[in-house]
Amino acid sequence: MVPMTRRRALLLATALAAPALLPGLAQAQAAYPNRPITIIVPFAAGGPTDVVTRLVAEVMSRDLGQPVVVENVGGAGGTLGAQRVAQARPDGYTLLLHHIGMGTTPSLYRRLSYDAVNGFETIGLVTEVPMTIITKKDFPANNLAELVKVLRERKAEVNLANAGVGAASHICGLLLQSAIQTQLTTVPYRGTGPAMTDLIGGTVDVMCDQTTNTTQQINSGSVKAFAVTTSTRNAALPNLPTAAEAGLPGFEVSVWHGLYAPKGTDAAIVNRLSRALQVALREDRLVARFAELGTAPVSQEMATPEAHRRYWQADIAKWRPIIQAAGQYAD
């Protein structure tokens with residue numbers, strides 16, 4: 001008999017072992033997750049997206065039976081953290097929780113090292129945070145109609161603050177200028193904190209930002225508020241009219257947040273994560289905490305991969321002409 005060569009022996013051993021390995025692989029997939037999961041927040045700790053993520057992660061970890069760790073990877077308008085996830089292994093252990101920037105990045109950035117449109121699997125929407133139009137407390141206007149009149153008269157003399165290119169306040173400011181057909185002087189900051197500090201101090205004039213950042217200042221009288229940018233009034237600011245009620249119909253924008261996995265993540269894993277997200281969004285303490293921040297969880301239907309993807313793609317289409325008309329790019 002011809003002695004078996006080393007190569008043939010290895011091939012035979014592999015063939016014999018393969019059937020025994022398959023059940024183990026299937027069991028490993030069925031056991032997902034079997035180690036901690038990391039959710040990347042593409043902004044600094046303590047910001048509104050970070051706060052939302054930590055609330056969601058805590059409840060999801062209980063449902064998934066594994067720790068869900070939040071890691072802040074800020075910089076470049078959220079694109080550094082998004083890139084990290086887009087280029088991660090699609091195994092369900094590295095996720096992204098991002099805001100409206102996922103809808104604006106494809107237009108704001110003309111050169112990226114990852115696919116901002118097709119580089120992710122959607123898991124589900126989380127919440128939509130209303131925006132508010134606010135000014136320094138001594139700004140010479142008492143309602144939104146008067147504010148618009150002053151902005152149109154003074155134009156570039158007015159300083160419009162934001163938390164940096166690509167931030168929610170920047171996007172809302174672009175929409176405001178588009179709605180009133182007036183170009184103001186944009187003043188970008190490195191975050192909402194310093195922008196709000198200068199607005200309160202009177203260094204800048206106007207800002208458009210999330211209720212999670214502005215409710216406390218509005219209620220304390222540190223700034224002057226003119227409208228909330230949703231179709232209905234906000235429970236945390238019941239006396240603040242909507243933009244439509246205050247005379248600016250069609251001006252609606254909210255900072256939606258969604259959960260993503262890298263492109264190619266197995267559908268069973270995506271669906272498991274989506275179910276855990278839906279459980280989290282029904283949790284009483286999370287709902288109560290969201291209410292304190294001036295927001296609420298999305299419906300269970302919107303916390304699904306399919307609804308999330310439709311919403312995201314529609315938002316990309318919404319912002320593209322606005323950003324192109326403004327001609328303000330992040331690169």
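Predicted model: local features only at pLDDT ≥ 70, side-chain atom pairs only at ≥ 80, totals over all residues.
**Figure 1. Helix 6 and the largest cavity.** Helix 6 contributes five residues to the lining of the largest cavity, which is the most that any element gives. Two elements give two or more residues to the lining, namely strand 5 (159-162) and helix 6. The residues that line the largest cavity are Leu160, Ala161, Asn162, Ser169, His170, Gly173, Leu174, Gln177, Thr186 and Gln328. Sorted by class, this lining has three nonpolar residues, seven polar residues and no charged residues.

**Figure 2. The crossing of helix 6 and helix 11.** Two packed helices are described by the angle between their axes and by the distance between those axes. Here the axes of helix 6 and helix 11 come within 10 Å and cross at roughly 80°. Because angles of 65 to 115 degrees count as roughly perpendicular, helix 6 is described as roughly perpendicular to helix 11. From helix 6, the residues Ile171, Leu174 and Leu175 meet Trp319, Ile322, Ile323 and Ala326 of helix 11. The contact between the two helices is made up of seven nonpolar residues, with no polar and no charged residues.

Figure 3. Ile322 belongs to helix 11, which covers residues 305-326. Is this residue buried or exposed? Its relative accessibility is 15%, and because buried means under 20%, Ile322 counts as buried. When its neighbours within four places in sequence are left aside, Ile322 is in contact with Leu174 and Leu175. Although Ile322 and Leu175 are 147 residues apart along the chain, their C-alpha atoms are separated by 7.1 Å.

**Figure 4. Helix 4 and its cover.** Helix 4, which spans residues 101-108, is mostly covered, since seven of its eight residues are buried. The buried residues of helix 4 are Gly101, Met102, Gly103, Thr104, Thr105, Ser107 and Leu108. Which elements cover these buried residues? The cover includes the helices helix 3 (79-86), helix 6 and helix 11, together with strand 3 (94-98), strand 4 (120-136) and strand 9 (254-262).

**Figure 5. The largest pocket and its lining.** About 600 Å³ of space lies in the largest pocket, and 28 residues line that pocket. Among these lining residues, Phe43, Ala163, Arg190, Gly191 and Thr192 lie nearest the centre of the pocket. Helix 2 (48-64), helix 6 (168-180), helix 7 (192-201) and strand 7 (206-210) are the elements that give two or more residues to the lining, and helix 2 gives the most, with three residues. By class, the lining of the largest pocket divides into 11 nonpolar, 14 polar and three charged residues.

**Figure 6. The chain as the setting for the close-up views.** The chain contains 11 helices and nine strands, and its C-alpha atoms fill a box of roughly 100 × 40 × 30 Å, taken along the principal axes. Of the 331 residues in the chain, 50% are buried.

Conventions
Residues numbered from 1 in each chain as written. Heavy atoms only, no water. Helix = DSSP H or I, 4+ residues; strand = E, 2+ residues; numbered from the N terminus. Buried < 20%, exposed > 50% of the residue type's maximum accessible area, 1.4 Å probe, protein only. Contact = heavy atoms within 4.5 Å. 1 Å grid on protein atoms, 1.4 Å probe; cavity = no way out; pocket = protein on both sides within 12 Å on 5 of 7 lines; lining within 4 Å. Points joined across faces, edges and corners; volume = space filled by probe spheres on them. Nonpolar A, V, L, I, M, F, W, Y, C, P; charged D, E, K, R; others polar. Axes fitted to C-alpha atoms, helices over the stretch in contact; angles between N-to-C directions. Parallel < 35°, antiparallel > 145°, perpendicular 65-115°, else oblique.
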